[in-house]
Amino acid sequence: MAPTHWNHFISVVVYHAENNQAALKKTLNSLLHQTYRNIEVIVFGNDLPRDCRQDDFMTLRGLITRPDLNANSFLKSKHYDSFYRGDYLLFAPAGTIFYSNCFELAVDAINNYTEQFPDLAIFDYDCIASSQTTSERVFLPGWDPEFALSTDSYRTAFLSSRKLVERVRSKYVLPNLDSWISSVAKLHPQPEHAHISEPAIHFTKDEQLDQSLPRLHRVERPAGSNPTVSLIIPNRNRPDLLKSCLAMLDHIQGLDLDLIIVDNNSEDAETLDLYKGLKSRIGAKIIDAGAMFNYSRMVNIGVQESQSDFIALINNDVEFTIPGEFENLVYHAMRPEVGIVGARLFYPSGRIQHAGIVIDTGVMGNMGSEFRCRHVLRGCEKSESDPRFPQNADRSFMAVTGAVQVMKRDVFNSLGGYDEVYLPIEYNDIDFCLRAKIEEYRVLCVALEGVFHRESESRGKEDSPETRRMREKAIKVMLSRWSEFVENKPYGHPAIEVGDCPKPVVMSNPKS
């Protein structure tokens, strides 16, 4: 068990490719005024300002200058491990300003872990362009590996333990700092992490952080692979929706695909004719699920009838309109650490319908306990943004909607499929995702383009007394299973609550 308090020794590496004395002086001055003193400062690639006295830093653990080295030297070779003494390492481009309590907050967050000290600590920060006077706060979701792969939002606002530096070094060749944080995102299992959820570091937007990776995270098909995928679509009548959904078959490439439609008592003549055509033309399987509507059972029956390595659960009211987007979901699902892959979905109007799901529990007045599952960015235009959920970024979430879920067949089987006994209609997709999370699989929402979801058009939006009773029963099941697990709100932020429509953002008295 980790002690409740420990004065961790922190090495701060300050670097700059240019001889910017003014920027370096700002950074060193902010380090000199830290309330937490157990730090050392190492300056790379730059001479000290003439009026900077090394003796001033003796109240810390000292100031070391190595103009001949660069920040990546520490990360790439164990030869340089003796050049820094800290338990934790932080990199900062010259010009970074650390708030006076920055490292005090970091050590408190690290010491808050009771089992073992985390290997990674993520800071919130603010930034400002040199031409502006107002700073912009950046709300980070703690450590989200998918977010790190698809954006540069973490910048250098993190502490890494020595152990993590050594672990990443043993697996990857690291050309720069950006590659290092991306390599951490690829590790399995992921490092334990702490989150300092108030701004503790100040950047300027003009700083160059040696970032060279493309920020659109598209996974390529592994060489020589030809994934087999079963496309499973529950359906009842509505041939218009089904035809639009199946239009994706015309432009899917590189996948060995078979189609399974699980039918819920369709009686429409056009639908039955469509089924016949699909069977004769592409060998589709049409499975009769009977008259009673049990979505979980329809999913499980479809998977039982499949033999492919990958499962794609697609609602009949979903339409993929851009070639290559569906394939990207499958390639993400091929990653060993990934359990379930979902997609950003749009309403036909072009507004966002789903970009991941956040989960909250609580008591709502006389309504009793609630288990709330809210779609991130629901109702937003593509041009709108939210401080915690930037658009066009792949993200990890506790859950993604069952309208689009892609996974390995082995993952589906290991999780036991959908719960057709206690969750036949509502919350079954959420329950399935949470079971994946508890098994330490990642649940992703990929920021796809051109995927439309006509939500609930096939079944309608029922609100009968029977439906409400069924929903209340499902909520009780979810509360009994998952209240404690979702209580810490991973991938969230304590200063922000985001509902289905995250505008305006409601802040809960964040410290500044």
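A polar contact, as the term is used below, is a pair of N or O atoms within 3.5 Å; within protein, one of the two must be able to donate a hydrogen and the other to accept it, and residues adjacent in sequence count only if both atoms are side-chain atoms.

1. **Asn 428 and its surroundings.** The model is a predicted one. In it, the side chains of Asn 428 and Ser 296 are joined by a polar contact of 3.0 Å. Asn 428 belongs to helix H12, which covers residues 428-438. With a relative accessibility of 3%, Asn 428 counts as buried, because the cut-off for that term is under 20%. Neighbours within four places in sequence aside, the residues in contact with Asn 428 are Tyr 295, Ser 296, Tyr 418 and Leu 423.

2. **Confidence.** Mean pLDDT for the chain is 85, and 86% of the residues reach 70 or more. Two stretches call for caution. Over residues 208-216 pLDDT stays under 50, and the model has 23 contacts beyond four places in sequence for them. Residues 500-512 likewise stay under 50, with 29 such contacts in the model. Where pLDDT is low, the predicted coordinates should not be read in detail.

3. **Overall make-up.** The chain has 512 residues, of which 55% are buried. Its secondary structure amounts to 13 helices and 25 strands. Of the contacts between residues at least 6 apart in sequence, 78% join residues at least 24 apart.

4. **Helix H3.** Why can helix H3 be called largely enclosed by the rest of the structure? The reason is that 8 of its 10 residues, in the range 102-111, are buried. These buried residues are Cys 102, Phe 103, Leu 105, Ala 106, Val 107, Ala 109, Ile 110 and Asn 111.

5. **The largest nonpolar core and a separate one.** The largest nonpolar core holds 71 residues, and those touching the most other members are Phe 103, Phe 123 and Trp 180. Helix H3 supplies the largest share of this core, with 7 residues. Apart from this core lies another, of 48 residues, which includes Ile 301, Ile 340, Val 376 and Phe 397. As for Trp 180, its contacts, not counting residues up to four places away in sequence, are with Leu 75, Phe 158, Ser 160, Leu 164, Val 165, Val 168 and Leu 174.

6. **Strand E21.** This strand, residues 404-408, is mostly covered, with 5 of its 5 residues buried. Which residues lie on each of its faces? Val 404, Val 406 and Lys 408 are on one side, Gln 405 and Met 407 are on the other, and all are buried. Strand E13, residues 310-314, runs antiparallel to E21 and is joined to it by 5 bridges. In one of these pairings, Ile 314 of E13 has Val 404 of E21 as its bridge partner.

7. **Cysteines.** How many disulfides does the count give? The count comes to 0. A disulfide is a covalent bond between the sulfur atoms of two cysteines. For Cys 373, the closest cysteine sulfur is that of Cys 433, at 9.9 Å, and this is too far for a bond. Cys 373 counts as partly exposed, at 23% relative accessibility, whereas Cys 127 is buried, with a relative accessible area of 5%.

8. **Backbone details in loops.** The peptide bond from His 188 to Pro 189 is cis, with omega near 0°, and Pro 189 sits in the loop between helix H6 (177-186) and strand E9 (193-204). Arg 155, a residue other than glycine, has a positive phi, near 45°. The loop that holds Arg 155 runs between helix H4 (145-150) and strand E8 (158-161), and the residue counts as buried at 15% relative accessibility. Asn 237 also has a positive phi, near 50°, in a residue other than glycine. Asn 237 is placed in the loop between strand E10 (228-235) and helix H7 (239-246); at 16% relative accessibility, Asn 237 counts as buried.

Terms used. Residues numbered from 1 in each chain as written. Predicted model: local features only at pLDDT ≥ 70, side-chain atom pairs only at ≥ 80, totals over all residues. Heavy atoms only, no water. Buried < 20%, exposed > 50% of the residue type's maximum accessible area, 1.4 Å probe, protein only. Helix = DSSP H or I, 4+ residues; strand = E, 2+ residues; numbered from the N terminus. Pairing = 2+ DSSP bridges. Core = buried A, V, L, I, M, F, W, Y, C linked by side-chain atoms within 4.5 Å. Contact = heavy atoms within 4.5 Å. Disulfide = S-S within 2.5 Å. pLDDT = per-residue confidence, 0-100.
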